[in-house]
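Work through the exercises below with the sequence and the model in view. Try each task before reading its solution.

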Amino acid sequence: MTMDELIEDGGRRLVVGDRAGGEVDILGIGFGSSNLSLAIAIEEFNDRHPAGRRLTARFVDVRRQFGWHDGMLLPGATMQISFLKDLVSLRTPTSPFTFLNYLQEQGRLSDFINLKTFFPTRREFHGYLSWASLLSNVAVRAADILRAITDEQPASQPDHHANQQRLPAAIRTDPR
């Protein structure tokens, strides 16, 4: 089953993969901070590997633009965890996707360091996550609400990947 067939939205194709037939290695449902971190890890993995070993991924989200805890962005509210637990620092501290690099790019690194805290405001961390989502090359497509994941592979079709987990053959969305 190809990616073109996997995701349907009222007959409109939402995603086209890089491989022949639109197949992808990873399909992410939703694009919050966890899948953003995964997308960046895939991107950095691909940067270190030749074309034949790279992974393809697509993400589908109901939102038209990235958002993170939008209702919790109260003025002055701070994070409850250290900024070092950003999208990449524990995995790749030298990544261009670190919170510290975001601060540098925004001209705020010195100001943040002078705050004498490891806990940025929620608004600033939201800005970081939004910046990272725009900086990454990941394909994210807006979709309507996911209603069902169904397996449409014919029972008579031989399973050539018996030792691998089978992916669903169709993902259906309904208009909002």
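**Exercise 1.** Leaving aside neighbours within four places in sequence, find the residues in contact with Ile40.

*Solution.* The model is a predicted one. Step 1: apply the cut-off, by which heavy atoms within 4.5 Å make a contact. Step 2: set aside the neighbours within four places; the residues in contact with Ile40 are then Leu87, Val88, Arg91, Phe97, Ala132 and Ser136. Step 3: look at the largest nonpolar core, which has 22 residues. Ile40 is among those with the most contacts inside this core, and so are Leu87 and Ala132. Step 4: ask which elements give two or more residues to the core: they are H2, S4, helix H3 (99–105) and helix H5 (122–135). The largest share, five residues, comes from H5. As a general remark, nonpolar side chains in soluble globular proteins tend to be buried together.

**Exercise 2.** Decide whether Ser82 counts as buried or exposed.

*Solution.* Step 1: locate Ser82, which is in the loop between S4 and H3. Step 2: take the cut-off for buried, under 20% relative accessible area. Step 3: Ser82 counts as buried because its relative accessibility is 19%. Step 4: check the contacts of Ser82; leaving aside neighbours within four places in sequence, they are with Phe118 and Phe119. For the whole protein chain, 37% of the 176 residues count as buried.

**Exercise 3.** Classify the ring pair of Phe99 and Phe112.

*Solution.* Step 1: a pair of aromatic rings is described by the distance of the centres and the angle of the planes. Step 2: rings pair if their centres lie within 6.5 Å, and planes over 60 degrees apart count as edge-to-face. By this rule there are 12 aromatic pairs. Step 3: the centres of the Phe99 and Phe112 rings are 5.5 Å apart and the planes stand at 80°, so this pair is edge-to-face.

**Exercise 4.** Describe how strands S3 and S4 are joined.

*Solution.* Step 1: find the strands, S3 at residues 26–29 and S4 at residues 57–61. Step 2: count the bridges and note the direction; four bridges join the strands, which run parallel. Within this pairing, Ile26 stands opposite Ala57 in S4. Step 3: follow the chain from S3 through helix H2 (residues 33–47) to S4; this β-α-β crossover is right-handed.

Methods: Residues numbered from 1 in each chain as written. Predicted model: local features only at pLDDT ≥ 70, side-chain atom pairs only at ≥ 80, totals over all residues. Heavy atoms only, no water. Pairing = 2+ DSSP bridges. Right-handed = clockwise from strand over helix to strand, strands pointing away. Buried < 20%, exposed > 50% of the residue type's maximum accessible area, 1.4 Å probe, protein only. Core = buried A, V, L, I, M, F, W, Y, C linked by side-chain atoms within 4.5 Å. Phe/Tyr/Trp six-rings, centres within 6.5 Å; stacked < 30°, edge-to-face > 60°.
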